[in-house]
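Please open the structure in your viewer and keep the selection tool at hand.

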Amino acid sequence: MEYRPSEIEPTWRKWWIDNNTYKIENQGGKPKYYILDMFPYPSGAGLHVGHPLGYIASDILARYKRLRGFNVLHPMGFDSFGLPAEQYAIQTGQHPAITTEQNLTRYREQLGNIGFSFDWSREVRTSDPDFYKWTQWIFIQLFNHYYDHDADKALPISELEKRFSVSGNAGVRAVCDDDTPAISAAQWNVWSEQEQQLFLLKYRITFPGEEYVNWCSALGSVLSNDEVKDGVSERGGHPVERKLMKQWVMRITAYADRLLEGLNTIDWPESIKEQQRNWIGKSVGASMKFTIDAPLPVGEGSGFIEVFTTRVDTIYGATFMVIAPELDLVKTLTTDAQRSDVDGYIKWTSGRSEIERMADTRKATGVFTGSYAINPANGERVPIWIADYVLAGYGTGAVMAVPSGDQRDWNFATAFNLPIVPIMDSQKDLDTAADPSKEGRYINSERINGMIYAEAVPTLIQWLEEKGLGRGKTQYKLRNAVFSRQRYWGEPVPAIWEDGVPTLLDEKELPLVLPSVDKYLPTETGEPPLARAKGWKYELSTMPGWAGSSWYFYRYMDPHNEHEFCSKEARDYWQKVDFYIGGSEHAVGHLLYSRFWNHFLYDMGLVPHREFAQKLVNQGMIQGRSNFVYRAKERFFEEYLWLKVLQPYFNEEGAINISGPDFEEEITYDFAFATNNLVIEVTSIKQMDKIERIRRSALSDGKRLMVLYNEELTEQINEPDAIAEKIRRALASREDYIVSSESPTSEQLFVSHSLLYKYSPEAVTKLHVDVNIVEDDVLVLEKARAAQQFANSNFKLDAEGKYTCSWEVEKMSKSKFNVVNPDDIVAEHGADCFRMFEMFLGPITDAKPWNTKGISGVSGFLRKFWSMFFEGENFRVTDETPTRDELRVLHTCIKKVTDDIERMSMNTCVSHLMIATNDLRGLKCAKRAVLEPLVILIAPFGPHIAEELWHRLGHNMSVCDAAWPIHNEEFLKTDSKEYPIQINGKLRGTIELPTDISAADAEAAALGLELVQKWLNGKMPQKIRFIPGKIISISV
RNA sequence: GCCCGGGUGGUGAAAUGGUAGACACGAGGGACUUAAAAUCCCUUGACCUUUAUCGGUCGUGCAGGUUCGAGUCCCGUCCCGGGCACCA
């Protein structure tokens, strides 16, 4: 019986739905397992073959875990708020909810075709009010808490109010704004409600703050750094400016240390953890005061400059200071003698863009202020310079420069002839570069001379603290996260403003539903779109894309709960995500913010674990494989005429004279014949002006002009003879102006890539072509002729009559015409084949271009697998007792597939199933005892074929609830093994030995071999190693 | 510049210190067929030797090291991809 996936697959998909096969309960005697995919944003382009890679892998794992007796939660939903839908709404006026709904429907359909075991009754959508009600609720909780250092967790803001009213903020160690003043209880208590509320904002975990943001007035929105490319918006290319705006901000910095430490407790890819570590950017160092030793005007400045350093141990090498030119302090430090230099430099740097400043990092620029500071360690006077390699925005905007240890400081010192003092006995070649080594012992460093790094740092910090000159300090790169978007399509922020104080809605008033607006643009006065909503009295900005995704994994546990974001029973049952899979592009966005929210929810006692996802795997991106076609330019026709017509047909006459290698010459003619005054001009029929101009010029030159239209050449492109004949007739004629009277219908010519090596690159335009009308890089002409892109086109084919395309690997996207829809693959080969082929491509963590070469291998395998069960039209599985060989094949396969699923090596699983199938077909095995376990083994990969065969084997229940077979070592044993024999590390032969042979016997047997004696060449072996089950190794 | 990954046949890849290239694609040859498709069988890292077998040399970016034995571990180096970037 033939294997027909198009018949069996839809049947079983319906059966699964009808039987609620994938519906999961929050209970049961089984252990739980929670497998989560990063949910997709439903874009208008639909699902492409890259999306399901991770879903297939997780589905295989989910089905496997279920077969192993786990209660598996494997849900799917949609991150359905976002900018693309809003952009589309702006263009078309259509409500984003409508387009989002359409996209969602398409995604559901496409996902439905692949046979996933998702429990769709648990689907969530972040744009659904029933969902974002709880996003808003969590926002309110964040507002109502502050971070207490002593408790090292978030505490209710009411606690803080109590403490303020009793003892002010003196004893409070909490995360707050930098500019928070000290207040007494008396002050707090006399404050008005409004004053108290404003003060509390300095402590709340989410608060309205002033932040520099990337403001794009054209989009009416603030953009994240990665939405800005080269100073303009990635989407639309609009200008972007740095602007100080009132924004809701999340005090994620409060959690910096815990987010960093938590990384050590989770099984995530090292690269993701490393990116998060870099993003958090903890640097442990010291801050120090350099007293200013200058004739400062009385009362100006604090009298010292504070610096932060991660290398306090290098302080004795600090021979000068550098401060950022933007700092106000520069004015006071500048002496009269230096004033004009300094002013000039400041003027020059302010005119330089960020990009320029980054571009020439090699050349040190800067100016001496004329003032000095005292190095607190050795009391030496060091000059204070300004230079733009020091950034005002980082730390204090001042550095102690240690030219022997820091390359930028070294460059600067070398350029301006400042002293370079070695501080470590291990530093080398200080005349050519800095040496930042921490190895060795200190020199020229008084107090720490002779110490090593680990001794020097605490010694110095202790000394600085005793003297009041500095202290140990930890600094983070992490900034608080801006949480407002001046956009429409996002969660409304549940806040009302009154007298500059935000009040949040009561829980009972949630959800605050997104109102209707007439347009999705900012107002004329630059307010966000929500300002257009009638009667809207709430906050005008909405939440960012990462709001809903920061907690959605809990909603799946209890998706329809109207009273809580997720019930306690559900949280207690599912605990956390056991296995999370998604793209590494979310490394520091989603994955850091969701960890932050989870820590907060943990502090509130709402979730059972500090980290929500124990294990994370990144699936590699499936890239697109774009195809390109080449459209002829005028230049191409000129070169074609020369190469294919004039040279072959007229050279022998010696009668032509070409205007030279520059085909683009405008004044003279493209080709001129020495005889009969004939000149030829090649141009488009559309260029009537040009033709007229040339005609007049030919007339005055006394030349006879022949005009060949690109378009007529296009039609005759495969008949150079005909064109030659035309020219021959023109040569022979006496007419002054020869031009085709017929008007050609072809407008464009596309030239096969295989022919292009003869032509110059400027002769053609390279264009993307839809990969769906290309097969094996050859354009399918029937399909191409029907395509819009090739209307009124002709093709120049190669000698084999083919139009070949070139290709490149690019991101898969609609604009590159390289999107492959999984539906098409499923329709052609079946869902099981599609699933297994995606896995067979290679390790899921690797990025790879989509290429269906090789899909026939998987397709053929499934047919072979199927055919084991049939003899003609009959199901032929028997109850005979299997042979040892058959059992060995089966149990080897069980072992390998089981091991490989556990380590997510899905590609090799497919290989092992292929091997077992090939072997069993060789043995002509059709025995139930072998084939039935094999059906269970294939079930996670090809659920449809497995379900079909499972039922044909006589079962009524789904194969999903079968028991995963366990391999029996007994059947893997063989009586003998072929041992490789290595002599001096080289493989020289093999020997068949009994499995249970003793070392002595094995050695003797090996030495008895003729081939071994040959290599020994009469010598005695120095050593023989027998590694049971592996190898025999002989050294001579 | 710094931090992560990764370099293996014509291609996708496999090999968790023990026979490098499993499995598959592609290619070549053959069987079946009126023919084609489908299917099945054989060969397929490079080179040398041989009628063929047998056999040998080289081979996992490059160059070293550890080891009886290295694609795998260590040191150096080059190249490719990703991330961060005058971050003190």
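**From a strand pair to a helix pair**

Begin by selecting Tyr33, whose bridge partner in β2 is Val72. This is a predicted model. Next, select strand β1, residues 32-37, together with β2; the two strands pair in the parallel sense over three bridges.

Now extend the selection to the whole open sheet, in which four strands follow the order β2-β1-β20-β21 with parallel pairing. At its edges are β2 (71-73) and β21 (616-618), each of which pairs on one side only. From one strand to the next, the twist averages 20 degrees.

Then turn to the largest nonpolar core, which has 88 residues; Phe869, Ile901, Leu934 and Phe941 have the most contacts inside it. Helix α2 (residues 52-67) gives the most to this core, namely nine residues. A second, separate core of 84 residues includes Phe131, Val517, Tyr538 and Ala613.

Finally, select helices α28 (residues 884-902) and α29 (residues 906-922). How do they pack? Their angle is about 175 degrees and their axes are 9 Å apart. Angles over 145 degrees count as roughly antiparallel, and α28 and α29 are therefore roughly antiparallel to each other. In their contact, residues of α28 including Val889, Cys893 and Ile901 meet residues of α29 including His912, Leu913 and Leu920. The residues of this contact divide into nine nonpolar, two polar and four charged.

Key: Residues numbered from 1 in each chain as written. Chains lettered and ligands numbered in written order. Predicted model: local features only at pLDDT ≥ 70, side-chain atom pairs only at ≥ 80, totals over all residues. Heavy atoms only, no water. Axes fitted to C-alpha atoms, helices over the stretch in contact; angles between N-to-C directions. Parallel < 35°, antiparallel > 145°, perpendicular 65-115°, else oblique. Contact = heavy atoms within 4.5 Å. Nonpolar A, V, L, I, M, F, W, Y, C, P; charged D, E, K, R; others polar. Core = buried A, V, L, I, M, F, W, Y, C linked by side-chain atoms within 4.5 Å. Buried < 20%, exposed > 50% of the residue type's maximum accessible area, 1.4 Å probe, protein only. Pairing = 2+ DSSP bridges.
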